[in-house]
Amino acid sequence: MAKIATAYKEKMKEISVLSLICSCLYPESRKNIMGDFEDMDIKPINKRASGQAFEVILKPPSPVSDVAHCVTSPPKRDISLEDIQKKLEAAEDRRRSQEAQVLRALAEKREHERDVLLKAMEENSTFSRMAEEKLQVKMEQSEENRQAYLTAMVYRLQERERHAQEVRKNKELREELTA
């Protein structure tokens, strides 16, 4: 039964869709098309009111058609010990190559990580040095500002003291003149 179903499927693939459509549309040419197939009969059924219907009858397969459809697998080649050895060596070489590639990638990754770490340390060192220099400049500026402030305060105090001495002298001179 399965053989008949596969034969039916194969024959249906052989029948052109266009020829089926044409046979439905042009019933006079159907008689010519119906007799073209060697191992199947197609009979029209006119009982359908909605359209055309066909009955496909498969003939028993002939010995010639079995040979045409039978697909044989290619003969297996005898594998020698040398072939097996070559295949094993090729597999070992592929494994080594893959291992070396993984190790290379790992080494490159480690080198990249080291480079990134060194760069980060260098940037950190540069930042620390720059921050220290800024702080030093700021401290020096602060010290200079403090010294300038103290110098200005001393100068104002000295000016006040001179002014106070002048006022005292003037007061003493007035007291002597009034006395």
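Colleague: To start with E99, what is its relative accessible area?
Modeller: E99 has a relative accessible area of 44%, which makes it partly exposed. Please keep in mind that this is a predicted model.

Colleague: Which residue forms a salt bridge with E99?
Modeller: The partner is R95, and the closest N and O atoms of the two are 2.7 Å apart. R95 is partly exposed as well, at 38% relative accessibility.

Colleague: Why are R95 and E99 about one helical turn apart?
Modeller: Both belong to helix α5, and they are about one helical turn apart because 4 residues separate them there.

Colleague: Which residues are linked with R95 and E99 in a network?
Modeller: The network of salt bridges joins E92, D93, R95, R96 and E99. One of its pairs is R96 with D93, whose closest N and O atoms are 3.4 Å apart.

Colleague: And where do R96 and D93 sit, and how many residues apart?
Modeller: They are in helix α5, 3 residues apart, which means a separation of about one helical turn. R96 is partly exposed at 47% relative accessibility, and D93 is partly exposed at 45%.

Colleague: How many salt bridges does the count give?
Modeller: The count is 6 salt bridges. Another of them pairs E159 with R162, with the closest N and O atoms 2.4 Å apart. This pair also lies in helix α5, 3 residues apart, and is therefore separated by about one helical turn. E159 has a relative accessible area of 30% and is partly exposed, while R162 is partly exposed at 44%.

Colleague: Changing topic, what does UniProt annotate for residues 81-115?
Modeller: An unreviewed UniProt entry carries the annotation "coiled-coil region" for residues 81-115. In the model this span is 100% helix and 0% strand. Its end C-alpha atoms lie 50 Å apart.

Colleague: Which residues make the nonpolar surface patch?
Modeller: I79, I84 and L88 make the patch, which has an area of about 280 Å².

Colleague: Where is I79 found?
Modeller: I79 is in the loop between α4, residues 63-69, and α5, residues 81-178.

Colleague: Is I79 buried or exposed?
Modeller: I79 is exposed, with a relative accessible area of 52%.

Colleague: Let us turn to the strands. Where does V56 lie?
Modeller: V56 lies in strand β2, which covers residues 53-58. With a relative accessible area of 29%, V56 is partly exposed.

Colleague: What separates V56 from M40?
Modeller: Along the chain, V56 and M40 are 16 residues apart. Their C-alpha atoms are separated by 6.8 Å.

Colleague: How many helices and strands does the chain have?
Modeller: The chain has 5 helices and 2 strands. In sequence order, their pattern is α-α-α-β-β-α-α.

Colleague: What share of the chain counts as buried?
Modeller: Of its 179 residues, 6% count as buried.

Colleague: Finally, what share of contacts between residues at least 6 apart in sequence join residues at least 24 apart?
Modeller: The share is 27% among those contacts in the chain.

Methods:
Residues numbered from 1 in each chain as written. Predicted model: local features only at pLDDT ≥ 70, side-chain atom pairs only at ≥ 80, totals over all residues. Heavy atoms only, no water. Patch = residues over 30% accessible without salt bridge, like charges linked within 9 Å, V, L, I, M, F, W, Y side chains within 5 Å. Areas by Shrake-Rupley, 256 points an atom, 1.4 Å probe, with all protein chains shown as cover. Salt bridge = Lys/Arg side-chain N within 4 Å of Asp/Glu carboxyl O. Buried < 20%, exposed > 50% of the residue type's maximum accessible area, 1.4 Å probe, protein only. UniProt positions renumbered as here; feature names shortened; annotations may be inferred. Contact = heavy atoms within 4.5 Å.
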